[in-house]
Amino acid sequence: MRRLLPWLLILQLAFTPAFGPAPRPAAQTLTVNQLMARMTPAEKVGQLFMVTFYGPTAETGSEIERLISQQRVGGVAIL
């Protein structure tokens, strides 16, 4: 195992980007004001809420999926 560790570190360094992720094209970058202008009042209110969810998955059709997709809750804590 001790012989393997230096090689694993070398491989990790070799495949880790040196300067972080590539920047997104300017067309996809939105400011906070632009995002807020696109949101409905209901979506803005939804961003104020963080909900908890008890369960291992958030499957399509579940209550948590509905809260995320329709009510646009600001955060979810999956417990």
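View 1. Val-45, Leu-48 and Phe-49 together make a nonpolar surface patch of about 340 Å². The model shown here, and in every view below, is a predicted one. For a sense of scale, the chain exposes about 7200 Å², with carbon and sulfur atoms supplying 65% of that area.

View 2. How exposed is Leu-48? Its relative accessible area is 70%, so Leu-48 is exposed. Phe-49 has a relative accessibility of 49% and therefore counts as partly exposed, because the exposed class begins over 50%. While you are looking at Leu-48, find Arg-72 too: the two are 24 residues apart in sequence, and their C-alpha atoms are 9.5 Å apart in space.

**View 3. The largest nonpolar core.** Which residues make up the largest nonpolar core? There are 5 in all: Val-51, Phe-53, Ile-64, Leu-67 and Val-73. Strand 1 (50-53) and helix 4 (63-69) are the elements that each give two or more residues to this core. Across the whole chain of 79 residues, 14% count as buried.

**View 4. The surroundings of Val-51.** What does Val-51 touch, once its neighbours within four places in sequence are set aside? Its contacts are Ile-64, Leu-67, Val-73, Gly-75, Val-76 and Ala-77.

View 5. The chain holds 4 helices and 2 strands, which follow one another from the N terminus in the order α-α-α-β-α-β. Of the contacts between residues at least 6 apart in sequence, 64% join residues at least 24 apart. Mean pLDDT for the chain is 74, and 63% of the residues reach 70 or more. Where is confidence lowest, and where is it highest? Helix 1 (residues 4-15) has the lowest, at a mean of 61, while helix 2 (residues 32-38) has the highest, at 87.

Conventions: Residues numbered from 1 in each chain as written. Predicted model: local features only at pLDDT ≥ 70, side-chain atom pairs only at ≥ 80, totals over all residues. Heavy atoms only, no water. Core = buried A, V, L, I, M, F, W, Y, C linked by side-chain atoms within 4.5 Å. Buried < 20%, exposed > 50% of the residue type's maximum accessible area, 1.4 Å probe, protein only. Contact = heavy atoms within 4.5 Å. Patch = residues over 30% accessible without salt bridge, like charges linked within 9 Å, V, L, I, M, F, W, Y side chains within 5 Å. Areas by Shrake-Rupley, 256 points an atom, 1.4 Å probe, with all protein chains shown as cover. Salt bridge = Lys/Arg side-chain N within 4 Å of Asp/Glu carboxyl O. pLDDT = per-residue confidence, 0-100.
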